[in-house]
Each structure stands twice: as structure tokens, then as C-alpha cells.
Amino acid sequence: VQLSLGSSPTTSSTAASGMGSPASSAAADAFTAPSSLADSGGSPSADSASPPSNASTTNVSTQCPICHDTFTIPKVLHCLHTFCQPCLEKEQENADKVRCVQCGQDTPLGAQGAAGLPSDYAVANVLEAAALEGASLSCTGCKSKESSAVARCFDCANFLCPNCVMAHQFMHCFEGHRVLTLGELQNRDGGGIRDKPVACPRHRGEALRYFCRSCSVPACKECTLLDHPKALHELEALGDAAPRQAEALGRLLEEGRVRSHDLRAALQTLEQVSGRLQAHYHRAQGEVADTFQFYRSMLEERRQETLRELENVYNAKMVSLGLLGQKVQETIDRLQQACTFMERLTRYSTSTEALVFKQLLDAKLQAFLTFRPESSLHNMDLEFVSNYQAIQVGVRNTFGYIRQGASDTVPRPAPIARPNGIVHQNGHHPFESSALSKRLGSAHSLGPFTTATPAAADPPGYEKWSSGGGDVFQNGSDTGDTLTELACRYGSSPTVTTPLPYPLKSQIKRQKMIYHCKFGEFGVMEGQFTEPSGVAVNAQNDIVVADTNNHRIQIFDREGRFKFQFGECGKRDGQLLYPNRVAVVRSSGDIVVTERSPTHQIQIYNQYGQFVRKFGAVILQHPRGVAVDPKGRVVVVECKVMRVIIFDQAGNVLHKFGCSKHLEFPNGVVVNDRQEIFISDNRAHCVKVFNYEGLFLRQIGGEGLTNYPIGVCMNQSGEILVADNHNNFNVTVFTQEGQLVNALESKVKHAQCFDVALMDDGSVVLASKDYRLYVYRYVQLPPGPPL
């Protein structure tokens with residue numbers, strides 16, 4: 001391995017004064033022919049090495065890839081490709097870099113340009129070795145490629161013909177170049193080749209004699225004074241360092257070969273993975289086609305069912321119309337007969353004789369006159385009703401998805417029992433079809449959500465409870481008296497801005513609540529959730545749920561029956577990314593959705609799930625609770641930064657204020673018609689009230705009464721409901737001024753709860769961490785006696 005750096009041709013006279021001319025004996029003594037590739041490097045005092053053999057040089061190309069001729073001043077680029085210096089200068093387009101024609105990698109150039117690049121000593125040594133062994137070489141120093149080389153210039157790294165030798169002897173630009181004839185080289189070395197000194201690339205008049213261990217580069221005497229001072233750098237003689245460095249390079253070479261073998265194995269593995277990926281691709285294509293065929297068969301089946309239903313309805317209505325037509329015709333005939341009889345009677349009978357039939361004729365004519373066949377035609381309309389939006393969303397969410405890199409051993413969690421369903425021991429519902437099980441019921445159908453653990457089922461018999469019967473008060477008649485006394489004892493005027501002295505939790509006897517509806521389970525299908533983080537209720541009492549990790553919004557009726565859904569994972573219009581909380585514009589039915597990081601923005605959809613607009617990504621940082629005031633303004637409360645921002649429907653900021661002095665962890669918000677903002681604070685155990693200007697007004701609730709609230713609502717009477725799930729699911733009712741009205745709790749404990757919403761009839765919708773939604777009904781107590 002050649003350790004010394006290459007030299008480049010020089011045109012200065014400094015090299016001549018430092019190195020001597022080709023004819024001087026000093027130059028002949030100091031500079032000998034270059035060593036072979038197998039040499040371990042050297043210095044002027046290094047021992048001689050064996051010459052290269054033909055076997056060692058046959059695999060080294062001596063032709064330039066650009067000019068396809070023998071190398072002329074071979075230079076090495078950073079990509080380790082070798083080219084002639086003149087070829088590089090022709091290919092060079094920029095003064096500061098040159099691009100490799102083989103791999104396209106750029107190599108930066110210094111002030112000397114291509115001449116400053118390191119020389120390829122391996123190629124030069126192979127060419128010199130071939131010349132010494134008698135091979136016929138052409139001159140590489142002139143344009144004529146037919147002249148045979150008779151000498152070698154060590155500075156130009158060229159083989160010279162007689163004309164080029166003469167030019168080197170007489171032209172000033174070649175002054176100082178070291179030229180020896182091929183015969184002199186053979187005679188001088190006696191068939192052997194000694195290590196030759198290499199000139200310093202920066203100081204052409206100096207040879208490389210030292211090795212700097214600090215910088216890992218060889219240096220000349222001038223370099224040791226300017227760039228590598230002994231006080232700061234570790235220097236040693238090049239002859240002493242060469243064996244160790246050659247050994248290190250040998251180890252590095254061996255490691256490179258081992259690594260190359262490993263990379264070849266990795267390449268084979270890559271090819272295997274590529275083949276497997278291609279097989280998976282074709283298999284997935286087949287499964288997509290199978291799913292499409294399944295969809296088409298289901299659609300065809302549904303089409304046939306709908307057509308049969310349409311045919312039956314049509315036939316039934318046609319039969320009804322036929323029967324009605326017959327009845328009308330019979331009525332016409334009878335009426336005509338009665339009219340004919342009356343006409344004959346009035347014409348040919350006396351008045352007394354006609355009055356004999358008056359009662360009979362009155363009854364018949366009255367029956368004919370009251371017959372209204374058009375009333376039976378009102379329900380004869382026929383129409384096929386379709387919801388294209390729901391179909392589009394449903395297909396997108398149920399057709400399937402592309403799963404990447406998932407493990408084949410991920411277990412599927414056991415399904416959660418539906419309210420009236422039976423779960424078999426194998427984990428499948430009895431009404432789940434085999435086709436759907438094959439397509440969507442595999443261990444991978446839940447995608448990234450398989451790590452969650454569903455909650456346990458409710459205690460037996462709980463679903464049989466109803467709000468219509470039984471004793472719903474745990475403490476009998478004491479509940480009303482206790483709450484009334486507490487409200488009177490701890491009530492205060494509306495102008496109070498300090499927290500009310502509420503009683504301790506142990507002093508409160510809460511009214512028991514039960515739920516009359518529950519729905520949902522873990523999963524990605526319709527009616528299933530992975531994180532129901534937010535819930536709201538629209539004017540029709542439909543329940544709007546933000547299914548966060550499924551990146552969608554699901555709509556249910558008040559009984560928990562699925563209606564439709566919208567949204568899919570993404571950042572484009574109509575797509576959702578971790579929707580967190582929802583609110584509804586009561587007047588229009590528009591749905592306001594907040595998204596958490598990374599988008600932290602607000603999106604608005606109409607009541608049918610069609611995208612309207614989005615805004616707030618620039619100003620919002622951690623949106624948490626969201627509400628819509630009576631005038632349609634969107635109020636957002638942010639956690640972490642403790643800030644409230646009020647937008648109009650177009651996304652313009654109307655007000656914003658910080659409230660870090662009063663809030664610790666806000667999570668819910670509701671607004672009244674007096675521009676007062678009620679914010680539930682989970683860590684402060686209360687509700688804080690602000691106006692639109694950011695002025696703190698008062699506090700509602702407190703520790704011991706509303707521990708760790710999860711949300712706040714306002715009923716139609718204007719009362720504030722604060723929900724928490726500390727020990728139980730609790731609902732505490734206050735007036736807007738903070739007077740205690742009622743206190744309730746669930747009969748069973750719940751897992752961590754996310755959010756609450758309120759229906760028009762006072763029912764409370766609870767979004768729970770067990771992937772279910774519960775609809776609780778509470779009973780208001782009669783108001784207490786006035787103070």
C-alpha cells in the first residue's frame with residue numbers, strides 16, 4: 001500500500017532549485033522509480049522492495065474512462081474514480097468543482113484546480129512497472145499517440161517521447177522536472193525498484209519525510225513548521241510510521257472486505273425482501289379485488305333486495321289503486337242509479353209520493369257525497385332515498401386499509417359485549433358473518449389499536465334497571481331536605497367573586513343516577529371507538545362523538561343507533577388528524593371539531609359531514625375545550641398555555657386572553673348569553689368564570705364537591721352542570737352564580753371519563769375510557785323554600 005501523497009506537475013522554478021535538474025546526480029540519487037502497490041510506503045531511507053509482477057497488475061486498468069487512452073497524469077476524485085488531468089479540465093464546468101462522469105458525484109477543487117487533485121500512484125506504478133519490464137508504451141506527454149516512450153518525468157507523471165524529452169530540457173515551464181530514460185531506470189535499479197520520495201503537494205521543493213499522528217497525514221519539513229508544529233502535533237519519521245500505518249490500512253482493508261461480504265449478504269436479503277414484498281403486493285392486489293368483488297356482491301344483493309322491496313311496494317300500491325278505482329266506479333254507478341231514480345220520481349210522482357223515499361235517498365246520497373277517494377292518494381308517492389355522503393364515508397372507513405410493517409403475532413383483544421349481545425367463547429358475536437370475519441375480523445383488522453385493553457363488562461342485571469321504576473334515591477326522603485338545606489346554608493348573591501364555602505364531600509348525600517342507554521365497543525368499525533375523547537349533542541338530540549385515534553366523527557341518534565360518520569386520517573380538506581373535542585352550532589347544525597397536535601386547528605363541517613372550512617393552525621397551540629355561544633362564535637380554551645381564544649365562524653380572532661393566574665388544567669367550556677365563559681379546571685377542582693375581556697368573575701364548586709371535573713354543561717334552565725368521575729361519575733348542579741342546586745352520582749364506578757354533553761331532556765351523555773358512551777338520566781328535585 002502506497003502511503004505517500006501524490007505530486008502534481010509544477011511550472012515554477014522553485015522546484016528546480018530545490019530538487020535539481022534531471023541530469024544532476026543528486027536528483028538521480030534522491031529520486032528513484034516509484035514502488036509497487038504491494039510496498040508498505042517509504043522514506044528516503046526505506047529498504048528496497050520487490051518489483052510488481054504481471055499477475056499483480058493485470059487487473060489494473062490503465063485507460064482513462066473519458067478518452068479511452070493510456071492515462072496522462074492520472075488524478076483521483078473524491079469518489080475514488082481516476083481520470084486524466086487534461087480530461088478532467090475539459091469536463092470541468094465550474095471553477096470550484098468537477099463532476100465525475102461515472103457516478104455524478106462532485107469533487108471540490110482548490111486554487112490549483114484539477115492539478116491539485118491527488119495523483120493515482122497505483123496506475124502510475126503499474127505503468128512504470130510495465131515500462132521497466134519491456135512493454136511498449138506510447139508517449140503520454142504530447143498529442144501524438146504513435147510515438148514510443150523513451151523516458152519518464154516524475155513531476156509530470158508522463159512517459160516522454162524524444163521530442164518531449166527535448167522540450168523538458170530546453171523549455172522554461174519544465175525547468176526542475178526530474179526526467180530519467182527507461183534504460184537509466186533499469187540500469188540504476190538492477191532489476192529492482194526502491195521506494196521513492198514523494199514531493200509535498202503544498203511545498204513542491206520538499207519531500208514528505210514525517211507523519212503527523214494528530215492529523216493522520218504525511219508532512220514535509222515546511223509543513224512541520226507552518227501547519228504541524230511539534231509543540232501541538234505528534235510527529236514521527238515517515239519510515240517509522242509507515243509499517244504501522246500500512247498494518248492499520250491492511251486491517252481496514254480486511255474489515256472493508258468483511259463488510260463487503262456482509263453487504264452482499266444484505267443485498268441478497270434485500271432481494272428476498274423485494275421478492276416477498278412483490279408477492280405481498282400481488283396478494284394485496286388480489287385481496288383488494290376480492291374485497292371489491294365482495295362489496296359488489298353485497299351491493300348487488302342489496303340492489304336486488306331493494307328492487308324486490310320496490311316491486312312489492314309498487315305492486316301493493318297498484319293493487320290498492322285498482323281496488324280504489326273499482327270502488328270509485330261502483331260508487332259512480334250507484335250514484336248514477338240513484339240520480340236516475342230521483343229524476344224519475346220527481347218527474348212522474350207527486351210530492352207526497354216522493355217524500356216517502358226521502359229518508360232512503362238522503363242516506364244514500366249522503367254516503368255518496370262523503371266518499372273522498374282522493375284522501376287515499378296521499379300516500380301513493382314512491383321514492384328511493386339515498387345518502388351519498390354516508391356511502392362515501394362508509395366505504396372509505398370499511399373497505400380496508402394498507403397496513404405496513406405490522407407484526408403477525410399481535411393478539412387481538414377480546415371484544416366488548418354489546419348492550420344486548422352475546423359473546424361466544426371464541427370472541428365472536430353470533431351475528432358476525434364469516435365473510436366479514438375473513439375480511440375485517442382478523443387479528444390485524446384493528447391496525448395500530450391492538451394494544452388497548454377493553455374494560456370488563458358491567459355487573460349482571462345492571463342493564464335491567466330503568467329510570468321508570470324502583471327507588472332511585474339511596475337515602476330515601478333525606479336527600480331533598482339535605483340538598484335544600486345545603487343550598488340555603490351555603491348560597492350567596494350573584495355579585496360574589498370569592499369561592500363559595502361548599503360543604504365537604506362526606507356531608508353531601510348525592511342522588512343516585514342510572515343510565516338508560518349505552519353503546520359502543522373497542523374497534524374501528526361503525527359504532528366502535530378507540531378513544532371517544534369528545535362528545536356533543538345537536539338540536540335533534542343526535543350524539544356527535546370525536547373518535548380520536550380513528551380520525552373520524554361518528555353520529556348516533558339519541559338511543560345510540562349509528563347514523564353516519566365522516567373523516568379519515570390526513571391533513572387535506574375533509575380529513576381529520578386526532579380530533580379531540582366537538583361542539584355544535586345549534587342554529588345551523590354545523591359541527592366544530594378541534595384537533596390536537598400536530599395540526600392543533602379547528603375544522604367546521606355541516607350537519608351532513610361535508611367539509612366547510614378550517615382555521616386556527618397558526619395561533620392555536622394546545623386546544624382543549626370548545627363551545628359555541630348563542631351568536632355562533634367559537635370559544636376555545638387551551639391547556640398548557642392557559643389561554644382563551646374567541647373566533648367568528650369565518651375563523652377571525654375576535655378576543656383572546658391569557659388566564660394562567662387562575663387556571664391549572666382546563667378541559668371543558670360552556671358559554672351563556674351574557675358573554676360569560678365557564679371553564680372546568682381539572683386540577684383546581686372547580687369551574688372558573690371569565691367574561692369575554694378576560695376578567696375573572698367567580699368560582700363555582702371546589703375541592704370536596706367537584707373533585708377533578710371532566711366537563712361543564714348548561715341545561716335549558718340555565719343551570720351549570722359540573723361532571724367529574726372521582727370515585728363515581730358525579731354530576732353537581734349549580735346556578736350560574738354558584739349556588740348549589742343538586743348533587744348526583746352513578747350507581748356504578750366508571751373508568752376514566754373523557755367528556756360529557758347534555759340533551760334537551762336533561763339526559764347526560766358520558767364518553768368513557770371503556771370505549772362506550774352512556775346516557776344518564778337524572779331527576780331534578782323541587783326547589784327549596786325561599787330564604
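Asp761 is partly exposed, with a relative accessible area of 42% (buried means under 20%, exposed over 50% and partly exposed in between, with a 1.4 Å probe and protein chains only). The structure is a predicted model, in which local features need pLDDT of at least 70 and side-chain atom pairs count only at pLDDT 80 or more, while totals for chains, interfaces and linings use all residues. Residues are numbered from 1 along each chain as its sequence is written, and side-chain values use heavy atoms, with hydrogens and water left out.

Asp761 pairs with Arg558 in a salt bridge, with 2.9 Å between the closest N and O atoms (a salt bridge is a side-chain nitrogen of Lys or Arg within 4 Å of a carboxyl oxygen of Asp or Glu). Arg558 is located in the loop between strand E16 (552-556) and strand E17 (562-566), and Asp761 in the loop between strand E34 (753-758) and strand E35 (764-768), so the contact ties together parts that lie 203 residues apart in sequence (helices, H or I of at least four residues, and strands, E of at least two, are DSSP runs numbered from the N terminus). Arg558 is partly exposed as well, at 33% relative accessibility.

In total, the structure holds 25 salt bridges. One of them joins the side chains of Lys97 and Asp106, at 3.5 Å from N to O. Both ends are partly exposed: Lys97 has a relative accessibility of 30%, and Asp106 one of 27%. Another salt bridge links Glu343 to Arg347, whose closest N and O atoms are 3.6 Å apart. These two residues are four positions apart in helix H9, a separation of about one helical turn. Glu343 is partly exposed at 47%, whereas Arg347 counts as exposed at 56%. A network of salt bridges connects Arg213, Glu234, Glu236 and Arg244.

An open sheet of three strands is arranged in the order E9-E8-E10 with antiparallel pairing (two strands pair if DSSP finds at least two bridges between them). Strands E9 (217-219) and E10 (235-237) are at the edges and have a single partner strand each, so one side of each lacks a neighbour in the sheet. Neighbouring strands are turned against each other by 35 degrees on average, direction ignored. Strand E8 (residues 210-212) is joined to E9 by three bridges, and Tyr210 is opposite Ala219 in E9. Helix H9 packs on the sheet and touches E8, E9 and E10, its direction making about 95 degrees with that of E10 (axes are lines fitted to C-alpha atoms, for helices over the stretch in contact, and angles run from 0 to 180 degrees between N-to-C directions).

Helix H9 (238-348) is also included in what covers the buried residues of helix H11 (contact means heavy atoms within 4.5 Å). H11 (residues 358-370) has 13 residues and spans 18 Å from its first C-alpha to its last, close to the 18 Å expected at 1.5 Å a residue (the expected span is 1.5 Å times one less than the number of residues). Its buried residues are Leu361, Leu365 and Phe368. They cover an arc of only 55 degrees around the axis, which puts them on the same side of H11 (the arc is that of the directions from the helix axis to the C-beta atoms).

Strands E24 (residues 643-647) and E25 (residues 653-658) pair antiparallel over five bridges. Arg643 has Gly658 of E25 as its bridge partner. The two strands, E24 and E25, form a hairpin with five residues between them, and Gly651 in the turn has a positive phi of about 95 degrees.
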